[in-house]
Amino acid sequence: MPRVTGFCALLLLTIAPGYAQTPSGYAGSNACRICHADVWQNFYKNPHFKSIALGNQSPARTGCEGCHGPGQAHVDSGGKQTVPRAFSRMTPAQVLETCLLCHGKDFNRVNIQSSEHTLNGVACTACHSIHKAATPKYLLAKVQHEVCYGCHGVQRAQFEMPSHHRVDEGFMECSDCHNPHGAFPPTWRMGQRPRMIEQAATNKEPCIKCHADKFGPFVFEHASSAVEGCEICHQPHGSMNAKLLRRAVVFTLCLECHNGGGSGTRGQGVDLQSSRHNLLDPRFQHCTTCHVRIHGSDSDQFFLR
């Protein structure tokens with residue numbers, strides 16, 4: 001066969017990359033398209049296609065074989081011999097190890113090995129579908145909240161309560177607050193840390209991404225929100241009560257802390273109820289009627305107007 005050189009060689013490599021020499025054991029992605037045309041037809045839309053488009057990656061990191069391993073033996077056997085990494089036959093640990101070959105350097109996945117999902121045997125392919133994704137973003141197998149609802153039925157019910165975050169309506173997604181790949185330990189609620197919470201600036205709760213006015217810093221902090229976090233008063237997913245509160249009547253929520261357990265002086269315990277407050281009187285049962293700056297204040301230590 002005559003040797004092809006110069007411009008003709010460049011053109012041949014451009015229009016028919018399958019003719020380029022590949023290391024032993026690797027067949028190249030062009031060989032896969034013959035039998036897996038349904039996958040190859042739309043693969044150019046896939047983020048993983050960039051390894052083929054760039055053309056500067058090793059065969060072990062390029063196209064189909066970048067994930068499934070060298071496929072020459074699979075091709076030579078007419079498909080009778082499976083590829084080295086057939087995800088349908090792999091354990092969750094093997095799937096995770098394969099994905100981390102490329103995604104292990106991503107900062108938002110740095111805690112995936114110790115995440116609740118990994119510890120409970122949830123593999124990447126339980127949420128993601130590389131070839132038949134329902135959403136282009138993140139290559140999810142279903143719409144994001146439907147993926148989460150597959151395991152988290154309790155939270156699905158909470159999002160259907162009268163007061164709830166608008167996840168079902170599409171206004172926000174679970175990943176706005178959670179990192180499904182694992183997160184760093186938060187600084188709030190040290191005794192009972194919430195799981196896989198995506199943190200905002202300065203290691204604060206993700207609530208401040210939307211509710212920045214509740215963040216502060218304030219001259220007079222409300223210890224419950226500053227130390228325990230928003231969840232001490234609010235149900236984050238949904239509640240039967242207004243404003244996602246944990247209790248229907250406001251003063252009963254406040255009494256969980258302001259119950260006489262402290263010394264009654266500022267800085268030495270929880271403030272006691274004043275003798276002027278007759279909680280049987282409806283005027284005093286809605287504490288935030290007067291204590292309007294309940295999340296913190298720059299002007300009044302009792303969070304008054």
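**Reading burial, helices and salt bridges in a predicted model**

Me: What share of the contacts between residues at least 6 apart in sequence join residues at least 24 apart?

Reply: Among those contacts, 42% join residues at least 24 apart in sequence.

Me: How should I read a helix, and which residues of helix 7 are buried?

Reply: An α-helix has 3.6 residues a turn, so residues three or four places apart point the same way. In helix 7, the buried residues are Val-95, Leu-96, Thr-98 and Leu-100, and what covers them includes helix 5 (63–68) and helix 8 (116–119).

Me: What is the idea behind a salt bridge, and how many does the structure hold?

Reply: Side chains of opposite charge can pair when their charged atoms come close. The structure holds five salt bridges, among them the one between Arg-109 and Asp-106, whose closest N and O atoms are 2.4 Å apart. Arg-109 counts as partly exposed because its relative accessibility is 22%, and Asp-106 falls into that class at 26%.

Me: Where in the chain do Glu-146 and Arg-156 lie?

Reply: Their side chains meet in a salt bridge with an N to O distance of 3.7 Å. This pair links distant parts of the chain, with Glu-146 in helix 9 (residues 144–149) and Arg-156 in helix 10, 10 residues apart. Glu-146 is partly exposed at 29% relative accessibility, and Arg-156 is partly exposed at 34%.

Me: Is Asp-281 buried or exposed?

Reply: Asp-281 counts as buried, because its relative accessibility of 19% lies under the 20% cut-off. Its salt-bridge partner is Arg-283, at 2.9 Å from N to O, and Arg-283 counts as exposed at 62%.

Me: Which residues does Gln-158 touch, leaving out those up to four places away in sequence?

Reply: Gln-158, which lies in helix 10 (residues 153–158), touches His-164, His-237, Gly-238 and Ser-239. Gln-158 is buried, with a relative accessible area of 16%.

Note on methods. Residues numbered from 1 in each chain as written. Predicted model: local features only at pLDDT ≥ 70, side-chain atom pairs only at ≥ 80, totals over all residues. Heavy atoms only, no water. Helix = DSSP H or I, 4+ residues; strand = E, 2+ residues; numbered from the N terminus. Buried < 20%, exposed > 50% of the residue type's maximum accessible area, 1.4 Å probe, protein only. Contact = heavy atoms within 4.5 Å. Salt bridge = Lys/Arg side-chain N within 4 Å of Asp/Glu carboxyl O.
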